[in-house]
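Here are some notes to read alongside the model, written for someone opening it for the first time. Please keep the structure in view as you go through the points.

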Amino acid sequence: MPDSISSNATPRELPGVNELIRLQELSDLGDSVPPKQLTNWARAAIESIRLRLLAGEAIRADDLNRLLVDRVRSSARDSCGETIRHVINATGVLLHTNLGRAPLAESVAKRIQSATAYCNVELNLETGRRSKRGASVAAALADLTGAEDAVVVNNCAAATILVLHAVAAGREVIISRGQLVEIGGGFRLPDVFHAAGVTLREVGTTNRTYLRDYENAITDKTGAIIRVHRGNFEQTGFVTQPSLKELLECDRSDEIPVIDDVGSGNLFDREELEVDEPDVRQSVSAGSDLVLFSGDKLFGGPQCGIVVGKKRWIDVLRKSPMMRAMRIDKITLAALQATVEIHLSGNVWEELPFLRMLARDSESLRGDCESLLSRLEKAIPPGRFSLSVVPCQSQIGGGSMPGVRLDSVALSISGEGLDDLAAKLRAGDPAIQPRLSDGQLLLDLRTVLPGEHTALVDQLSRALKETSNAGLDTGTDS
Ligand SMILES: *Cc1c(COP(=O)(O)O)cnc(C)c1O
């Protein structure tokens, strides 16, 4: 009995911060992590164990160091796992929100580089005078979409708040109950309305809203009518919504703008791509007062929220104090400018990586996948995994075209220990994010960029070797 009591630790027995970080078990971290960070993790680890001891938890003195080391290591893993680095997207989801949505074009990356030092964000180099931030990109966006004017903020959610607030603060905004969506990341439209300082005026039902529902709701308190595209789900069956044209023609005064949140930024001609996403140009030409879309979805550019529309209403947005708080930085501005230039040049299918991926046919993907497999087979001995080329389906993602599936081809890896292999793939540099499905680890080649194939082979063979050697059944020494 005295034995077991004496082996329980007291807070006094906890090591000091310096003592902890000098432990042999943490020596590798000392080489790779800034000392200040390591000190903070060590301090937090000691504090958390101290609180557990003070709360009366019995922890054996012999276990203290192990617990502290584990804790510091877990902080290091969390931090390292979230430090931004290059990831090869093998998930087959083209606009993967967790992976930064649209990959940027080469010319866009170059333009970003040119803006990293000083650049003329608010200076006209012809006249030498001060210019308005974003004026030239706004003009280009207006050209591209046929709108009178444009403004750009940090993302489409910000654009929604800006527009609602600037146009209708303190008044009612009419929306169909069928469009009260959650846009993802827990953001729900009713909360967005609240944050923007407008009153939600819901009309219709989940599945059916008629034009007369809107018209009956218009009063002298009405500040705007908004239509929100249901980007991330589909509604079928007994459903109806008035068309945009009907909404625009409804009985309302000029002081009540129609706002069209199309979300995905579809600017394709029908012949180019048959997509069922609302078309930005059509919305503008139909007469929407303000049209909102994301820069990093179908538009294929950097994260931002683009608002195009009538000059009169865009001016209202420009004057809003919120605009100043939501304005984009020079890096995004440079990236957006270069992306808009690609759209204006008409070379979108050649230059935008997102569209190149979208356009690839599964035969050429199969060719890529077979050559990947043969390179891998040369690089590694047969281990405990079996590799094959399989058909699969890619998705657009990013809350765009939810029902669309694209035929694709993946390298399939099966065997014991796929979670372990996936962890090894994520730990590489570049990291690889695969898709786990039905007991297979799939690497969908549609979303792997052309320049990434060599790194993919290198990182895959490393991870396969490490995982095979770690297992009992290595199958490599026979
Ligand atoms: C994606 C989407 C948003 C949110 O856009 P972010 O740029 O991610 O903020 C808002 N509305 C609609 C209709 C969308 O599809």
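1. A word on the basis. This is a predicted model, in which local features need pLDDT of at least 70 and side-chain atom pairs count only at pLDDT 80 or more, while totals for chains, interfaces and linings use all residues. Residues are numbered from 1 along each chain as its sequence is written, and side-chain values use heavy atoms, with hydrogens and water left out.

2. Salt bridges. A salt bridge here is a side-chain nitrogen of Lys or Arg within 4 Å of a carboxyl oxygen of Asp or Glu. The count by this rule is 26 salt bridges. One of them pairs Asp296 with Arg101, with 3.1 Å between the closest N and O atoms. Asp296 sits in the loop between strand S9 (290–294) and strand S10 (305–309), and Arg101 in the loop between strand S1 (87–89) and helix H6 (106–115), so this pair ties together parts that are 195 residues apart in sequence. Helices (H or I, at least four residues) and strands (E, at least two) are DSSP runs, numbered from the N terminus.

3. Asp260 and Arg227. These two form a salt bridge, their closest N and O atoms being 2.9 Å apart. Asp260 belongs to strand S8 (residues 258–263) and Arg227 to strand S7 (residues 222–228), so the pair ties together parts 33 residues apart in sequence. With 1% relative accessibility, Asp260 counts as buried; buried means under 20% relative accessible area, exposed over 50%, and partly exposed in between (1.4 Å probe, protein chains only).

4. Asp289 and Arg252. Their side chains also meet in a salt bridge, at 3.4 Å from N to O. Asp289 is buried, at 6% relative accessible area, whereas Arg252 is partly exposed, at 23%. Elsewhere, a network of salt bridges links Glu122, Arg130, Arg133 and Arg327.

5. The nonpolar cores. A nonpolar core is a set of buried Ala, Val, Leu, Ile, Met, Phe, Trp, Tyr and Cys residues joined through side-chain atoms within 4.5 Å. The largest has 31 residues, and Leu164, Leu290, Val307 and Leu317 have the most contacts inside it. Helix H8 (156–168) is among the elements that each supply at least two residues of this core. H8 gives the largest share, eight residues. A second, separate core of 27 residues includes Ile380, Val409, Ala422 and Leu425.

6. Leu317. Which residues does Leu317 touch, leaving aside its neighbours within four places in sequence? They are Val151, Leu162, Val163, Ala166, Val167, Leu290, Val307 and Met323, where contact means heavy atoms within 4.5 Å.

7. Helix H8. Buried residues of H8 include Cys156, Leu162 and Leu164. Asn155 caps the N-terminal end of H8, with a side-chain oxygen 3.2 Å from the backbone nitrogen of Ala157. After H8 comes Gly170, whose phi is positive, near 80°.

8. Asp213. This residue is found in helix H10 (residues 211–217). Asp213 is buried yet has no salt bridge, and Arg212, the nearest side chain of opposite charge, is 4.7 Å away. The side chain of Asp213 does reach the backbone nitrogen of Tyr210, at 2.8 Å.

How values were computed: A polar contact is a pair of N or O atoms within 3.5 Å; within protein, one must be able to donate a hydrogen and the other to accept it, and residues adjacent in sequence count only if both atoms are side-chain atoms. Lys and Arg count as positive and Asp and Glu as negative; His and the chain ends are not counted.
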